[in-house]
Amino acid sequence: MSAESAVPVDAVRGCPLGCGRPGHALGELPKTSTAPLSRTHYTLTRCGCGALLYLSPAPSTADLTTMYVDQGQFGSEYTDEARVRAILGYMGEALRALERHAGGAPHRPLRVLEVGAGLSWMCRAAKARNAASVTVAQDVSPEAVDACPWVDHYVLGDVADARLDALAPFDIVSMTHVIEHLVDPVGVVARCRKLMAPHALLFVTAPHRPRAWNEAAPDLDVWTAYSYNHVPAHVQYFSEASLSRLAEAAGCRLVYWSHAHEGGEAFEAWLAPQTAAAPLGWWHRAAMAAGRKWRRAGRALLRR
């Protein structure tokens with residue numbers, strides 16, 4: 001199933017990044033969510049510039065509430081001791097890499113904000129690294145609010161909640177498997193930018209592409225077999241180019257990217273305020289390679 005869909009251009013929504021170019025329908029995807037939602041199918045769409053894949057239409061506000069507020073997201077697999085150790089190992093190594101890039105004294109207390117936090121793994125890693133770190137979590141779901149003693153302030157509400165301003169600025173803002181769920185990724189990243197200190201980094205992990213995906217000849221059979229094909233929970237799938245565009249639109253710059261995770265099926269990226277230092281040079285990337293290789297195994301356990 002490699003031909004583009006016959007769905008007319010005017011039937012798909014425009015690019016969530018606002019590029020202004022019409023999107024191209026690649027085909028229809030049935031919903032994979034078991035929640036009672038308003039639609040049974042969504043159109044997998046490619047931005048006119050070819051850099052972003054996204055669902056059309058976007059899930060409605062009511063459907064988002066059903067998926068993220070009314071239903072639980074975290075089963076017993078997230079309390080399995082081996083899985084917890086692996087996730088914390090990955091997050092701890094990522095935190096050390098972020099800290100090295102930002103400079104300053106190692107193991108210093110950090111101010112950490114976790115957006116769409118769930119079980120707040122980055123906050124947990126920060127507390128384990130230095131108990132004096134200030135950890136703040138935000139989520140619209142009440143599911144994990146009382147399950148994270150490593151979080152100093154758990155804000156149950158939208159990322160626009162004014163309580164976050166009172167706790168800012170932050171050294172690290174973390175969005176682990178969150179950005180793919182956002183209907184307005186530019187707005188949310190721009191909001192994070194306002195909460196970041198000048199030297200801060202925004203840590204992002206998310207799905208990328210199926211291993212056998214061919215951008216020149218998209219095959220829906222390959223896509224529907226993708227383990228990250230969560231319809232309509234995963235609203236968009238970034239490439240390096242589209243994440244760079246998102247960063248620029250939100251007042252940030254992309255300083256690190258790797259889609260070497262899970263055989264190319266997921267990525268890790270760092271964003272910095274536009275006033276921050278230039279992207280990492282090759283020597284810095286090479287110095288981090290050993291730690292990055294180790295992190296790949298633990299990162300897959302964060303998926304949701």
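These notebook entries record what I looked up in the structure above.

**Entry 1. Ground rules**

I note that this is a predicted model, in which local features need pLDDT of at least 70 and side-chain atom pairs count only at pLDDT 80 or more, while totals for chains, interfaces and linings use all residues. Residues are numbered from 1 along each chain as its sequence is written, and side-chain values use heavy atoms, with hydrogens and water left out.

**Entry 2. The chain as a whole**

I looked up the secondary structure and found 8 helices and 11 strands in the chain. Helices (H or I, at least four residues) and strands (E, at least two) are DSSP runs, numbered from the N terminus. I then looked up burial: of the 304 residues, 54% count as buried. Buried means under 20% relative accessible area, exposed over 50%, and partly exposed in between, with a 1.4 Å probe and protein chains only. For contacts (heavy atoms within 4.5 Å), I recorded that residues 24 or more positions apart account for 65% of those with a separation of 6 or more.

**Entry 3. The sheet of 7 strands**

I traced an open sheet of 7 strands in the order E6-E5-E4-E7-E8-E11-E10, with mixed pairing. Two strands pair if DSSP finds at least two bridges between them. Strand E6 (153-156) and strand E10 (252-261) stand at the edges with a single partner strand each, so one side of each has no neighbour in the sheet. The twist averages 15° from one strand to the next. As background, I noted that strands of a sheet pair through backbone hydrogen bonds, either parallel or antiparallel.

I went through three of the pairings:

- E4 and E7 pair in the parallel sense over 3 bridges, and valine 112 has isoleucine 172 in E7 as its bridge partner.
- E7 and E8 pair in the parallel sense over 6 bridges, and threonine 176 has threonine 205 in E8 as its bridge partner.
- Strand E8 (residues 196-207) and strand E11 (residues 266-273) pair in the antiparallel sense over 6 bridges, and valine 204 has alanine 269 in E11 as its bridge partner.

I also checked how E7 is covered, and found that 7 of its 7 residues are buried.

Angles run from 0 to 180 degrees between N-to-C directions, and axes are lines fitted to C-alpha atoms, for helices over the stretch in contact. Helix H3 (residues 121-129) also packs on the sheet, touching strand E4 (111-115), strand E5 (134-139), E7 and E8, and its direction makes about 160° with that of E4.

I next asked at what angle H2 and H3 pack. The angle is about 70°, and their axes are 9 Å apart. That makes H2 roughly perpendicular to H3; the limits are under 35 degrees for roughly parallel, over 145 for roughly antiparallel, 65 to 115 for roughly perpendicular, and oblique for the rest.

The residues that meet include Leu88, Met91 and Leu95 in H2, and Trp121, Met122 and Ala125 in H3. By class, this contact has 10 nonpolar, 1 polar and 4 charged residues. Ala, Val, Leu, Ile, Met, Phe, Trp, Tyr, Cys and Pro count as nonpolar, Asp, Glu, Lys and Arg as charged, and the others, Gly among them, as polar.

In H3, I found Trp121, Met122, Cys123, Ala125, Ala126 and Arg129 to be buried. What covers them includes H2, E4, E5, E7 and E8.

**Entry 4. Threonine 135**

Is threonine 135 buried or exposed? It counts as buried because its relative accessibility is 0%. Leaving aside neighbours within four places in sequence, I listed its contacts as Val112, Cys123, Ala126, Lys127, Trp150, Val151, Asp152 and His153.

**Entry 5. Helix H7**

In helix H7 (residues 240-249), the buried residues are Ser242, Leu243, Leu246 and Ala247. Seen down the axis, they fall within an arc of 145°, so they line one face of the helix; the arc is that of the directions from the helix axis to the C-beta atoms. These residues pack against helix H5 (185-195), E10 and E11. Glycine 251 follows H7 and has a positive phi, near 85°.
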